[in-house]
Amino acid sequence: MYSIYHFFKYLAENKKYFVSKKTLNEFPFDEKMISCQNRGVFPDLAIRLNVDKNIFSGGELIELKDSKSYNVSSFNSTIPTGKKEIAKVIKGENSIVKKQMEKVGDVIDSLPVRDVYYLVRGIHKKNIKVVLIHGSFFETVKSADLISQSFGKVLNECLQEKELDIGKNIKDLLVDIFSEQESFSKVRNVDKASVKLRFRIMTEVRAEGNILNPKKYPEIPDNTINLIIPCHNKQDEELTIKRFSTVCDISQFKQLKIKHHLNGYFIVFQQNLKITKQ
């Protein structure tokens, strides 16, 4: 059986490596529960699918975020999101992610939409915070709206500087065209150019979404490992606790709720991260 809960249990049992390893990529993840593992390609990790999805579906996508401070490192490849269509992740027959998933026997299309998690480690002086957090913590606005509204601000600023008025319809059309990252993130070839151009979006976390920020989220103290999952109603809370208890000895974890400054409540399962001299 595989799931993000089983993955977190393994992390907690091997938490000493968060202290000893210089990068998260060096962490000895359990290969038996991993369907793909890559660097520089989203996702960094994916949990294997379960044939029986009644309790745990598996299939969660995981991105590693390592930082030498209590700021979540920037998102350079994909805009953070809580769920992602797997078809957009494995595009193309030569997708390395697709090949790896198929090699371990995953029936990829059996779970079209996947939950996305971020394994975040922040290091400040001699202290460490580790959080395995659902992507909805960072996605308070849908990525298409984030892109289109940001592009709209750029367009408005440029038009104002040049004292131009292109009309609302044309402006809305341009903003709509650039609402999807895939529309402009491809490599473009230009005649007679000796280089190719690719536009990339870099996403940085604001203070309100920085789970490592001790002033914004004091419930996440130094030297702890945390699993953080959305908890927007009583039903969500009960289901999450049931799933966690099925996999982990809940008595070994502190359980609490935190309120996101922009996106409701999240449930936290927390354990001390013992720091030992190396």
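## Overall layout

Seven helices and nine strands make up the protein. Keep in mind that this is a predicted model. Of the 278 residues in the protein, 45% are buried. Take the contacts with a separation of 6 or more, and 66% of them come from residues 24 or more positions apart.

Let's go inside. The largest nonpolar core holds 36 residues, and the ones with the most contacts inside it are Phe7, Leu11, Phe18, Ile62, Leu119, Leu132 and Leu227. Helix 1 is the top contributor to this core, giving seven residues. Apart from it sits another core, this one of 29 residues, including Val72, Ile108, Ile220 and Phe266.

Setting aside neighbours within four places in sequence, isoleucine 62 is in contact with Ile4, Phe7, Pro43, Asp44, Leu45, Ile47, Tyr117 and Leu119. Two of those partners, Phe7 and Leu119, turn up again among the residues with the most contacts inside the largest core.

## Helix 1 against helix 7

Helix 1 covers residues 4–13 and helix 7 covers residues 234–247; the pair packs at an angle of about 50°, with the axes 9 Å apart. As for handedness, helix 1 passes helix 7 in a right-handed crossing.

Who does the touching? From helix 1 come Tyr5, His6, Phe8 and Lys9, and from helix 7 come Thr240, Arg243, Phe244 and Val247. Sorted by type, the residues of this contact are four nonpolar, two polar and two charged.

If you're checking torsions, start with the peptide bond between phenylalanine 42 and proline 43: it is cis, with omega about -5°. Proline 43 is in the loop that links strand 1 (34–37) and strand 2 (45–47). Pro43 is also one of the contact partners of isoleucine 62.

Next, phi. Lysine 125 has a positive phi, near 60°, without being a glycine. Look for lysine 125 in the loop between strand 5 (113–124) and strand 6 (127–134). Its relative accessible area is 74%, over the 50% cut-off, so lysine 125 is exposed. Asparagine 223 is another non-glycine residue with a positive phi, about 60°. You'll find asparagine 223 in the loop between helix 6 (168–177) and strand 7 (224–230).

## Along strand 9

Glutamine 271 belongs to strand 9, which runs over residues 264–272, and asparagine 272 lies in strand 9 too. Which of these is buried and which is exposed? Glutamine 271 has a relative accessibility of 14%, under the 20% limit, so glutamine 271 counts as buried. Asparagine 272, at 55% relative accessible area, is exposed.

Glutamine 271 is in contact with Ala12, Lys15, Asn223, Thr224, Ile225, Gln252 and Phe253.

Along the chain, lysine 15 and asparagine 272 are 257 residues apart, yet their C-alpha atoms are separated by 9.4 Å.

Key:
Residues numbered from 1 in each chain as written. Predicted model: local features only at pLDDT ≥ 70, side-chain atom pairs only at ≥ 80, totals over all residues. Heavy atoms only, no water. Axes fitted to C-alpha atoms, helices over the stretch in contact; angles between N-to-C directions. Helix = DSSP H or I, 4+ residues; strand = E, 2+ residues; numbered from the N terminus. Left-handed = near helix turned anticlockwise from the far one by under 90°. Contact = heavy atoms within 4.5 Å. Nonpolar A, V, L, I, M, F, W, Y, C, P; charged D, E, K, R; others polar. Buried < 20%, exposed > 50% of the residue type's maximum accessible area, 1.4 Å probe, protein only. Core = buried A, V, L, I, M, F, W, Y, C linked by side-chain atoms within 4.5 Å.
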